[in-house]
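Here's a quick tour of a protein and its ligand. Have a look at the model first, then we'll walk through the strands, the core and the ligand's surroundings.

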Amino acid sequence: MPATPQTPTVRHATPDDLPSIIALENKCFPGPIAYTPRQLCYLLTTANSAVLVETLHNRLRGFIIILYRRGSTTAGIETIDVDPDAQRNGIARRLLTAAEDDMHAHHIARVRLEVSTQNTPAIGLYQHAGYNTTEFLHNYYTYKHHGSRDAFRMTKDLS
Ligand SMILES: CC(C)(COP(=O)(O)OP(=O)(O)OC[C@H]1O[C@@H](n2cnc3c(N)ncnc32)[C@H](O)[C@@H]1OP(=O)(O)O)[C@@H](O)C(=O)NCCC(=O)NCCS
């Protein structure tokens, strides 16, 4: 059996990570706004995507999902979740850096994402990482995220 890494590790997810990813999604997004287990399973096993996880002592503390589109040099960040018990330790920043490395390997020139206008931590994370707000999307979400259905679209040039 391989030794358990003693330092934080970012790696590609495997199907064995799915239960921990589902649990973390529901911890970060209680209620109807969470991706369903079926959607997460699709994103992990079938979609043209990359799912990266951050672990410490084999405990999954965060994940990020990137969606690629065949023939496109633009990729999307679908979501990023960090365990509330482990936030403000640089985990999201590590995941985002690893995601951008993965996108470079896929020859991606531009990344885009949508974030609730009320999600201050996520907006701070993306701004810190060089993302710019390019659009305001009124009533973007079906359900309120952090108290709002409005979103910002944010983009970053990777080339
Ligand atoms: C957004 C989220 C992923 C940040 O994860 P994290 O591991 O705590 O973030 P990091 O420690 O890597 O912080 C990186 C930067 O993000 C910003 N940031 C993170 N949390 C913040 C907060 N609560 N308030 C303001 N800025 C914050 C800061 O700029 C921070 O840099 P700093 O610590 O040097 O000030 C986390 O809060 C989370 O999982 N939230 C719930 C799920 C979610 O909303 N995901 C976003 C979907 S679009």
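Which residue in β3 is the bridge partner of Leu-56? That's Arg-59. Before going further, a word on the source: this is a predicted model, where local features need pLDDT of at least 70, side-chain atom pairs count only at pLDDT 80 or more, and totals for chains, interfaces and linings use all residues. Residues are numbered from 1 along each chain as its sequence is written.

**Overall layout**

The protein chain has four helices and seven strands; here helices (H or I, at least four residues) and strands (E, at least two) are DSSP runs, numbered from the N terminus. Read from the N terminus, the order is β-α-α-β-β-β-α-β-α-β-β. The radius of gyration of the protein chain comes out at 15 Å, close to the 15 Å that the globule rule gives for 159 residues, so the chain is as compact as a globular protein of that length. (That radius is taken over C-alpha atoms, and the rule is 2.2 Å times the number of residues to the power 0.38.) The C-alpha trace spans about 50 × 35 × 30 Å along its principal axes.

Among contacts between residues at least 6 apart in sequence, 59% join residues at least 24 apart; a contact means C-beta atoms, placed from the backbone, within 7 Å.

**Strand pairing**

Two strands pair if DSSP finds at least two bridges between them.

| Strands | Bridges | Facing residues |
|---|---|---|
| β2 (residues 49-56) and β3 (residues 59-67) | Eight | Leu-56 and Arg-59 |
| β3 and β4 (residues 74-82) | Six | Ile-65 and Thr-79 |
| β5 and β7 | Seven | Glu-114 and Arg-153 |
| β6 (residues 132-137) and β7 | Five | Phe-136 and Phe-152 |

Now for the turns. The hairpin of β2 and β3 has two residues between the strands, and His-57 takes a positive phi near 50° there. In the hairpin of β3 and β4, with six residues between the strands, Gly-71 takes a positive phi near 80°.

**The core**

Of the protein chain's 159 residues, 26% count as buried. By the cut-offs used, a residue is buried if 20 or more other C-beta atoms lie within 10 Å of its own, exposed if 12 or fewer, and partly exposed in between, with C-beta atoms placed from the backbone. A nonpolar core is then a set of buried Ala, Val, Leu, Ile, Met, Phe, Trp, Tyr and Cys residues joined through C-beta atoms within 7 Å.

The largest such core holds 33 residues, and Val-51, Leu-52, Phe-63, Ile-64, Ile-66, Leu-95 and Ala-99 touch the most other members. At least two residues each come from α1 (18-28), α2 (37-45), β2, β3, β4, α3, β5 (110-116) and β7 (151-157), and α3 gives the most, with six. Leaving out residues up to four places away in sequence, Phe-63 touches Ala-13, Ile-21, Leu-24, Val-51, Leu-52, Val-53 and Asp-81.

**Around the ligand**

What surrounds the ligand? There are 20 residues, the closest being Gln-87, Ala-92, Pro-121, Gly-124 and Leu-125; a residue counts if its C-beta atom, placed from the backbone, lies within 6 Å. The elements that give two or more residues are β4, α3 (91-105) and α4 (120-128), and α4 gives the most, with six. The shell divides into nine nonpolar, eight polar and three charged residues.

Definitions and conventions:
Ala, Val, Leu, Ile, Met, Phe, Trp, Tyr, Cys and Pro count as nonpolar, Asp, Glu, Lys and Arg as charged, and the others, Gly among them, as polar. Two residues are in contact if their C-beta atoms, placed from the backbone, lie within 7 Å.
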